[in-house]
Each structure stands twice: as C-alpha cells, then as structure tokens.
Amino acid sequence: MSRNRAAVIGGGIIGLAVARELLHRMGGVQVTVFEKEARVAAHQTGHNSGVVHTGLYYQPGSLKARLCRRGVTLLRQYAQDKDVAYEECGKLVIARDASEVPRMAAIYDRAVANGVPNARVVDGSEIAEIEPHARGVAAVYSPSTAIIDYVAVAEALAADVAAAGGRVLLGREVLSLDGRSTESVVTTRDGSEAFDVVITCAGLQSDRVALMSGEPRSPRVVPFFGDYFLLEPERSSLVKGLIYPVPDPRYPFLGVHLTKRVDGRIMLGPNAFLSLGREAYARRGWSASDVASSVGFPGFWRFALRNASAAAREARTVLSTGAFVKEAQKYVPEVRRIDVTRGPRGIRAQAMNADGSLEDDFVITGAGGVVHVRNAPSPGATSSLAIAEHVVTKVLERRSG
Ligand SMILES: Cc1cc2nc3c(=O)[nH]c(=O)nc-3n(C[C@H](O)[C@H](O)[C@H](O)COP(=O)(O)OP(=O)(O)OC[C@H]3O[C@@H](n4cnc5c(N)ncnc54)[C@H](O)[C@@H]3O)c2cc1C
C-alpha cells in the first residue's frame, strides 16, 4: 500500500501553498486538494486588502512575526517568477496627535525586533513628502510594504499543483473526516477516499472541519465582516500607498485605513462587525446555523461585553457611509462623501477562545496524520508560503518520529 497519499481540505491561498509544498518536499507523494467552491480563492483569499505586510505589529517570536517575515521573502520571489503584479508602494502608520506617539513608537520597536527592513520613524513634514494629502504628527514608515493580487497568486499555486501531478478538485465539499492512527478517510458527495496525511486549511469553516476529526470545538470561528469603499478613479491621486492608523488597544481590529490596489484604485476600509453568516457577502445575507454558532458560544458574549464601545464605533461605519468616510478623513481630510462608492465585503475567520479572547497568533494543531490550520487571519495571505513550509515540516517530523 502507498504511504504517500496526502489530502488538503481548502483551496484558498494557504491550502494551495501547502499542496505545492507537499509536492516539492515529499518524494512520490500524491496530493489531492478538496475545494467546495467552483473556483479557488473564493473566500478570504479573494476578499482581502491585497497587502503584503512586512511584520510591523506582531509579537516578536510569535508564529505571525516569524512566518510573516519569511512569507514576504518567499512571496516576493514567487510573484517575480510567476509574473504576478507586486508593488512596493510603502506604508505609513500615522500618529494623528501627541497622545498616539508612544503607541506608534512601540510599533517601531516591534518592527525593529521583527527585522522589518528600512522601517523608520518620520515627522509631519516627511509624512507630507511621502503622502502629500495625509495628515499626522509622526508615523512609522515601512517602504517595503507591498500590494499584490492574491487571487492571481492562488491561481498560480493551483497551476503549479496540477503541473506537478496533483489534483485540485473543485466543487467537492468535504462532509466528514475520519482521522485514524494509520490513515484518514475523507468523504465528499462523490464517495470516500483514504489518505496517509490530511491537512485542513478551511478558513471560515476551520473549526467545523477540525471538529469532524475529533478536535475540540474551541477555538470557535466567529466571522467579522469588513466593508470597503472605493475612491472614484479621478481622486486616486489622494493616496500613493498605504495609510494606516496606529492600532488602539481598546479596539480588537484596526480602524478604517486607505490602501492602494494593484489596479491603481484606492480602497477605504475595512471596518469590522459581527457577520450574520460566515460566507454572507450580500449586505442582508445571513445563515441561521452561523448565527447560532456565534451566539450559542459563551465566549462570544464575553467578547461582546468587553468590546461594547468598539462595537458602537464600528456600527456607526456600518450604518452610515458618512461616518465611514469621516474615519478616513482623519488621515486624508480631502476625501469626501461624494468621492466614494461601495466596494466589496470581506469576512474574517477569527478564532475566539471560550473566555472571549481572540486568538492573536496563527494556530496550527492536530495529531497523527492530520494537521489543522485553525487560525490564519491577516497576515495569513502574506505568510502563506511560509505557513506551508512550517506545516509540511511538521508533517515530515511526525512521519519520521
Ligand atoms: C477583510 C480581510 C482583509 C485581509 N487583508 C489581508 C491583507 O491585506 N494581507 C494579508 O496577508 N492577509 C489579509 N487577510 C487575511 C487573508 O485573507 C487570510 O489570512 C488568507 O486568505 C487565509 O487563507 P486560507 O486559505 O486559510 O483561507 P480561505 O481563502 O478562506 O480558504 C479556505 C477555503 O476552504 C474551503 N473550504 C471550507 N470548508 C471546506 C470543506 N468542508 N470542504 C472543502 N473546502 C472547504 C473554502 O471554500 C475556502 O476556499 C485579510 C482577510 C480579510 C477577511
């Protein structure tokens, strides 16, 4: 019997990167990717800000900090090899007044600890040189922060998997995963198949897929949507790169920011609010089972109680375009309500613990022949090739151990 059958559940950027890495590093392996949608990158990978983060914010030594830095190196090279657009447009994390300067300085310290290249602190006049329409007293400037098309990356990864003899099966939802000591059985509507190694990268469904193989239900995925607005093309000159707020520890997510896309359009957002469906991209979309999953989870109520003021801030930007634009005007005052149109919505798969805390780091668990990527929020796309290296190293260690 072959001992080299690997399944990957999820055809987002991480699942596809893992599949490609398995084919590179495990001689003779047969790899099958199961993706429930009719195309790759249908969820988070295709609904994000498109930023290649350099590692400014993350706790030094954390998986996020390490895999983000390694991920940038791998992704930049991959984009070059595959002719995927990659632009180092630079990022400013702007302190609007003196009260924000100490927190901005702490970000700079983390950038240094994480080895972010050429990050530096700039004053108000340098902010004006880098982003002539932005306002602030000081900023951390990261010139190598970049933008990319993550859907194009995912498609290139899928093509690599196919070219190396792997199968990417679209429209194949995994309904059950029976993880056993020697082999695991993956079942879809088309039947069951046994594998020696299974790696789950199911994003918004990651807790449900982990549960299938007997993993604990916690951390639970609680979905938070983020709406974007687009600046009218003739106003794109207001923003040259990426303009971010200094994170406020009272709020679990970054506030509205301004980001350039590889097609030159400028996006405002995303905000962050509880989503009534894990895959509900329409404004009034919802799913009864997803709502029940969030509100039936005691951790959610603990989180909600602690974050009432954050929810109030975000609710304003959900209900009113004017309030949304006001958030952006704090950094670029010339942006006007008439300059924006509603853009896409993304939904974050945020893992939450039973005590209501959000899992900050990437979470990778599992036993025997099964590995679960349970939490891979931003900078998960930036880090995808490095997460794949990390996961496959885990698989190889287990097999040799
Ligand atoms: C609004 C927003 C902005 C972001 N901005 C950035 C950014 O600028 N830079 C950055 O680095 N990161 C960013 N991220 C994070 C980044 O998008 C994610 O970290 C990354 O896309 C995760 O990839 P993934 O493959 O794990 O998940 P996904 O892309 O969500 O893929 C998971 C796949 O699993 C499939 N699946 C689920 N269940 C099953 C099943 N039972 N059977 C078969 N298939 C299944 C799904 O259909 C899906 O295609 C952002 C995320 C959001 C939501």
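This is a guided tour of the structure above, stop by stop.

The model is predicted: local features need pLDDT of at least 70 and side-chain atom pairs count only at pLDDT 80 or more, while totals for chains, interfaces and linings use all residues. Residues are numbered from 1 along each chain as its sequence is written, and side-chain values use heavy atoms, with hydrogens and water left out.

**First stop: the cores**

Select Val 18, Leu 22 and Ile 199, which touch the most other members of the largest nonpolar core, a set of 48 residues. A nonpolar core here is a set of buried Ala, Val, Leu, Ile, Met, Phe, Trp, Tyr and Cys residues joined through side-chain atoms within 4.5 Å. Buried means under 20% relative accessible area, exposed over 50%, and partly exposed in between (1.4 Å probe, protein chains only). Next, display helix H1 (residues 13-25), which gives the most to this core, with eight residues. Helices (H or I, at least four residues) and strands (E, at least two) are DSSP runs numbered from the N terminus.

A second, separate core has 24 residues, including Leu 92, Tyr 141, Phe 229 and Leu 258.

Return to Ile 199: leaving aside neighbours within four places in sequence, its contacts include Ala 7, Val 8, Val 371 and Val 395. Contact means heavy atoms within 4.5 Å.

**Second stop: helix H2**

Select residues 63-82, the 20 residues of H2. From first C-alpha to last, H2 reaches 27 Å, close to the 28 Å expected at 1.5 Å a residue; the expected span is 1.5 Å times one less than the number of residues. Among the buried residues of H2 are Leu 67, Cys 68, Arg 69 and Tyr 78. Just after H2, Asp 83 takes a positive phi of about 60°.

Show H9 (residues 308-319) with H10: the two pack at an angle of about 120°, with their axes 5 Å apart. Axes are lines fitted to C-alpha atoms, for helices over the stretch in contact, and angles run from 0 to 180 degrees between N-to-C directions. Arg 316, Thr 317 and Leu 319 in H9 meet Thr 321, Ala 323, Phe 324 and Glu 327 in H10.

Now centre on Glu 327, in H10 (residues 321-329). Glu 327 counts as buried because its relative accessibility is 16%.

**Last stop: Glu 334**

Glu 334 lies in the loop between H10 and strand E19 (340-352). Glu 334 is partly exposed, with a relative accessible area of 33%. Not counting residues up to four places away in sequence, Glu 334 touches His 133, Arg 235, Leu 238 and Asp 339.
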